[in-house]
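Hi,

Here is the structure I promised to pass on.

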Amino acid sequence: AVSAFLRTLNALVLAPPREECRDKTVAELRKVNVVVRLLALVKGVPMLDCNVTAKFLRVMTLGLDMSYAPASTEASVFPIDVYSLMSDFVKGISDGLLHLLKLSKDKCLDSREQILCVEMASFMTVTLK
């Protein structure tokens, strides 16, 4: 159910039925209380199951990317609290992945692990813009 919800949020940003849907979705994704609830949902599911963590990072990357921000959003409106929450979340994932990468010298990461790494890199790219 969490995976389907995240796919729906992704679709509302990338292919909304109306522009207002994208604007409202992105505006909600930039609110601290919404991110706290989404984090609680995502943390309640194993990290690699149905790529839930990767889907969450994809949705948050879209939500925090200024190119998807509503036209009425000023450049000075920067959700620093949301970035702080997300940075702590990504750091926690990174610690686990670093351990996994050290163990995987003799084998490749599986597709779910690779997807998670790609989504983390995408999130970091948006964060550093």
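The buried residues of H4 are Val-52, Thr-53, Ala-54, Phe-56, Leu-57, Val-59, Met-60, Thr-61, Leu-62, Gly-63 and Leu-64. Buried here means under 20% relative accessible area, with exposed being over 50% and partly exposed in between (1.4 Å probe, protein chains only). Before going on, a word on the source: this is a predicted model, where local features need pLDDT of at least 70 and side-chain atom pairs count only at pLDDT 80 or more, while totals for chains, interfaces and linings use all residues. Residues are numbered from 1 along each chain as its sequence is written, and side-chain values use heavy atoms, with hydrogens and water left out.

Back to H4: 11 of its 13 residues are buried, so the helix is largely enclosed by the rest of the structure. Those buried residues pack against H1, H2, H3, H5 and H6. The length of H4 works out too: at 1.5 Å a residue its 13 residues should span 18 Å, and the end C-alpha atoms are 18 Å apart, which agrees. (The expected span is 1.5 Å times one less than the number of residues.)

**The overall fold**

The protein chain has 6 helices and 0 strands, running α-α-α-α-α-α from the N terminus on. Helices (H or I, at least four residues) and strands (E, at least two) are DSSP runs, numbered from the N terminus. The radius of gyration is 15 Å, close to the 14 Å that the globule rule gives for 129 residues, so the chain is as compact as a globular protein of that length. That radius is taken over C-alpha atoms, and the rule is 2.2 Å times the number of residues to the power 0.38. Along its principal axes the C-alpha trace spans about 50 × 30 × 20 Å. Buried residues make up 37% of the 129 in the chain.

**The core**

The largest nonpolar core has 30 residues, and those with the most contacts inside it are Phe-56, Leu-57, Met-60, Leu-64, Met-86 and Phe-89. Such a core is a set of buried Ala, Val, Leu, Ile, Met, Phe, Trp, Tyr and Cys residues joined through side-chain atoms within 4.5 Å. H4 gives the largest share of this core, 8 residues. Leaving aside neighbours within four places in sequence, Met-86 is in contact (heavy atoms within 4.5 Å) with Val-35, Phe-56, Leu-57, Met-60, Leu-64 and Phe-123.

The whole structure holds 1 aromatic pair. Its rings, Phe-56 and Phe-89, have their centres 5.4 Å apart and their planes at 85°, so the pair is edge-to-face. It links distant parts of the chain, with Phe-56 in helix H4 and Phe-89 in helix H5, 33 residues apart. For the cut-offs, rings of Phe, Tyr and Trp (its six-membered ring) pair if their centres lie within 6.5 Å; planes under 30 degrees apart count as stacked, over 60 as edge-to-face and the rest as tilted.

**Salt bridges**

There are 6 salt bridges (a side-chain nitrogen of Lys or Arg within 4 Å of a carboxyl oxygen of Asp or Glu). One of them joins Glu-119 and Arg-58, whose closest N and O atoms are 2.4 Å apart. Glu-119 sits in helix H6 and Arg-58 in helix H4, 61 residues apart. Glu-119 is buried at 4% relative accessible area, whereas Arg-58 is partly exposed at 38%.

Cheers
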